[in-house]
Amino acid sequence: MLRFFGLRLAQLGSLASFGLAASMSLCAQTPGEAASPILPYAPEPLQIAQTDLLQQKGLRPAEYPSALANAPEAPPETPSVTMFPHPEDARYWISGQANIIFQGRLPFHALYQGANSFRNSAEYKTSMVGTVYTALRPNRSVRYNTDFIFDLEATEGRGLGQALGLAGFTNLDVVRNPYLGKAPYLARYQIHQVFGLTDKTTSQEPNFFALAPTVPERRIEIRIGKLTLPDFFDVNSIGSDSHLQFMNWTVDNNGAWDYAADTRGYSVGGMAEYDDRTWSIRYGLFAMPVVANGIDLDWAFSRAHGQNGEFELRQSWIPQRKGVTRLLFYANRAHMGMYREAVQSFLAGTDPTPSIAAHEHFGALKYGFGYNTEQELTASLRVFGRFGWNEGQHESFAYTEVDQTVEVGADCAGNRWNRPLDKVAIAVVSNAVKRDHQNYLKLGGLGFLLGDGNLNYGRENIVESYYTWHAWKGMFYSVDLQHIDNPGYNRDRGPVWVAAVRTHVDF
């Protein structure tokens with residue numbers, strides 16, 4: 001098994017090397033033919049346009065060569081990042097993506113393992129997510145724009161160890177429940193409405209969430225329907241995209257943000273957002289799952305709901321560079337239990353084992369906040385960071401088992417080696433749980449992700465790095481490496497090394 005696993009990794013590495021070499025050869029410049037000794041080259045259209053412009057400025061023909069030599073070069077054409085370019089200012093959107101991740105790990109040290117442990121044997125798994133994005137813009141109004149959004153998705157494959165045993169799991173594309181099936185499902189359906197508050201406009205890049213290329217500078221945006229909250233809250237352009245960037249759950253999202261979602265990461269509700277020139281504020285109300293990390297949502301909003309709010313300031317600490325800061329809060333009410341009650345009942349002999357599910361109450365409140373920042377340092381180098389905290393007394397219910405998280409990281413574009421769409425990046429994240437949560441796990445309690453049967457507590461520390469290579473149009477390949485110290489907060493297990501190869505296609 002171990003030999004086979006090593007051969008698979010070696011084969012994938014060879015394929016990646018071959019693809020990189022082929023792509024680099026495509027970028028090589030073709031030498032121009034020698035000029036004829038008799039006839040001069042005809043002037044290029046760009047030169048003709050420049051000459052006309054110099055003539056309009058009143059320059060004499062003798063001054064043209066000097067002026068043209070000192071003229072700034074035209075910016076290089078931006079490479080395409082999709083197989084089929086989208087029509088400009090279209091009233092519809094049709095696109096798709098496929099993301100395939102192969103991950104593997106070698107055996108690691110473990111004194112013991114329980115029902116929810118990250119297994120310590122050698123293993124490899126492959127996951128696939130395919131999404132079809134569609135949207136319709138029924139009118140071309142700038143001030144009162146409407147979008148109808150409808151997305152289908154299909155997933156296949158499983159995570160290492162059935163996606164159990166790690167708070168910061170290694171692949172955001174997989175879910176905890178391996179029995180949901182491969183059939184396509186309705187991922188998103190939304191109505192997106194813009195209410196402009198001024199005639200002054202600003203441009204935006206059209207995408208499958210908002211088709212209009214121009215929007216009012218001050219506006220209110222409302223979304224109602226099914227969505228995943230990380231599409232709009234806690235967004236970070238350096239550390240949010242598991243398809244082209246990092247893969248770990250607690251690197252791409254704030255691990256302490258227990259956002260309302262079913263097992264697949266989606267919820268139903270509504271949100272409103274106010275956007276101004278340099279800042280935005282948004283608020284949303286969404287359905288919570290019936291049970292911890294369950295697939296079914298509780299439709300009784302009076303007793304179960306997730307409230308989320310965020311303030312965003314688009315202001316840089318460095319002149320002429322981009323920078324953004326975001327402050328997030330959330331408050332969840334659901335049928336949740338308390339770790340301390342479960343521990344006390346077990347120690348008193350009431351419960352044979354600690355069971356958080358035996359001490360759940362309707363209307364239980366779990367709350368927390370997050371800090372998210374990103375800063376451009378140079379044209380190629382960016383840094384980012386997150387901090388998250390929640391009260392930690394009530395059970396982790398929707399996303400992952402983290403009560404506190406700290407994260408820093410950076411990425412660098414490949415401009416210096418003439419690969420502007422390539423990225424190399426690294427991130428470090430440290431996760432923790434509170435004392436009551438620690439005691440629950442130490443006594444043998446099970447969460448929806450964790451449970452080694454015992455616990456020698458230590459912070460779960462993760463380092464992840466990747467290189468993403470833009471091969472051609474919408475085709476990207478990545479290699480990724482993660483190191484997890486104290487998996488599942490347990491000093492008696494690990495460290496763990498996980499390697500991955502990813503293929504991503506945008507249609």
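Q: Which side chain does arginine 140 meet in a salt bridge?
A: A salt bridge is a side-chain nitrogen of Lys or Arg within 4 Å of a carboxyl oxygen of Asp or Glu. In this predicted model, the N to O distance for the pair that includes arginine 140 is 3.2 Å. The partner of arginine 140 is aspartate 89.

Q: How many residues apart in sequence are the parts that arginine 140 and aspartate 89 tie together?
A: The side chains of arginine 140 and aspartate 89 meet in a salt bridge. Arginine 140 sits in the loop between β2 and β3 (146-157), while aspartate 89 sits in the loop between α3 (64-70) and β1, so the pair ties together parts separated in sequence by 51 residues.

Q: Is aspartate 89 buried or partly exposed?
A: Buried means under 20% relative accessible area, and exposed means over 50%. Arginine 140, its salt-bridge partner, has 46% and so counts as partly exposed. Aspartate 89 has a relative accessible area of 36%, so the class is partly exposed.

Q: Which strand holds the glutamate that forms a salt bridge with arginine 321?
A: Arginine 321 forms a salt bridge with glutamate 376, with 3.8 Å between the closest N and O atoms. Arginine 321 lies in the loop between β10 (305-313) and β11 (323-337), so the pair ties together parts 55 residues apart in sequence. Arginine 321 is partly exposed at 30% relative accessibility, whereas glutamate 376 is buried at 17%. The strand that holds glutamate 376 is β12 (residues 360-376).

Q: What is the relative accessible area of arginine 386?
A: The side chains of arginine 386 and glutamate 407 meet in a salt bridge at 3.4 Å, N to O. Arginine 386 belongs to strand β13 (residues 381-390) and glutamate 407 to strand β14 (residues 404-414), so the pair ties together parts 21 residues apart in sequence. Glutamate 407 is buried, with a relative accessible area of 2%. Arginine 386 is buried as well, and its relative accessible area is 2%.

Q: How many salt bridges does the structure hold?
A: Side chains of opposite charge can pair when their charged atoms come close. Some of the residues form a network of salt bridges, namely Glu273, Arg282, Glu310, Glu312, Arg314, Arg326 and Glu374. For the structure, the number of salt bridges is 26.

Q: Which residue has a backbone oxygen 2.8 Å from a polar atom of the side chain of glutamine 103?
A: Glutamine 103 lies in strand β1 (residues 92-105) and is buried, because its relative accessibility is 2%. Its contacts, leaving out residues up to four places away in sequence, include Glu123, Tyr124, Leu160, Asn171 and Met247. The backbone oxygen at 2.8 Å belongs to threonine 170.

Q: Which glutamate is joined to threonine 131 by a polar contact between side chains?
A: Threonine 131 is found in strand β2 (residues 123-136) and counts as buried at 3% relative accessibility. Its side chain makes a polar contact of 2.9 Å with that of glutamine 97. Another polar contact of 2.9 Å joins the side chain of threonine 131 to that of glutamate 153.

Q: About what accessible area does the nonpolar patch containing Tyr92 have together?
A: Tyrosine 92 is in strand β1 and is partly exposed, with a relative accessible area of 45%. The surface patch is formed by Tyr92, Ile94, Leu136, Phe148 and Ile191. Together these residues have an accessible area of about 500 Å².

Technical notes: Residues numbered from 1 in each chain as written. Predicted model: local features only at pLDDT ≥ 70, side-chain atom pairs only at ≥ 80, totals over all residues. Heavy atoms only, no water. Helix = DSSP H or I, 4+ residues; strand = E, 2+ residues; numbered from the N terminus. Buried < 20%, exposed > 50% of the residue type's maximum accessible area, 1.4 Å probe, protein only. Polar contact = N/O pair within 3.5 Å; in protein donor to acceptor, adjacent residues only side chain to side chain. Contact = heavy atoms within 4.5 Å. Patch = residues over 30% accessible without salt bridge, like charges linked within 9 Å, V, L, I, M, F, W, Y side chains within 5 Å. Areas by Shrake-Rupley, 256 points an atom, 1.4 Å probe, with all protein chains shown as cover.
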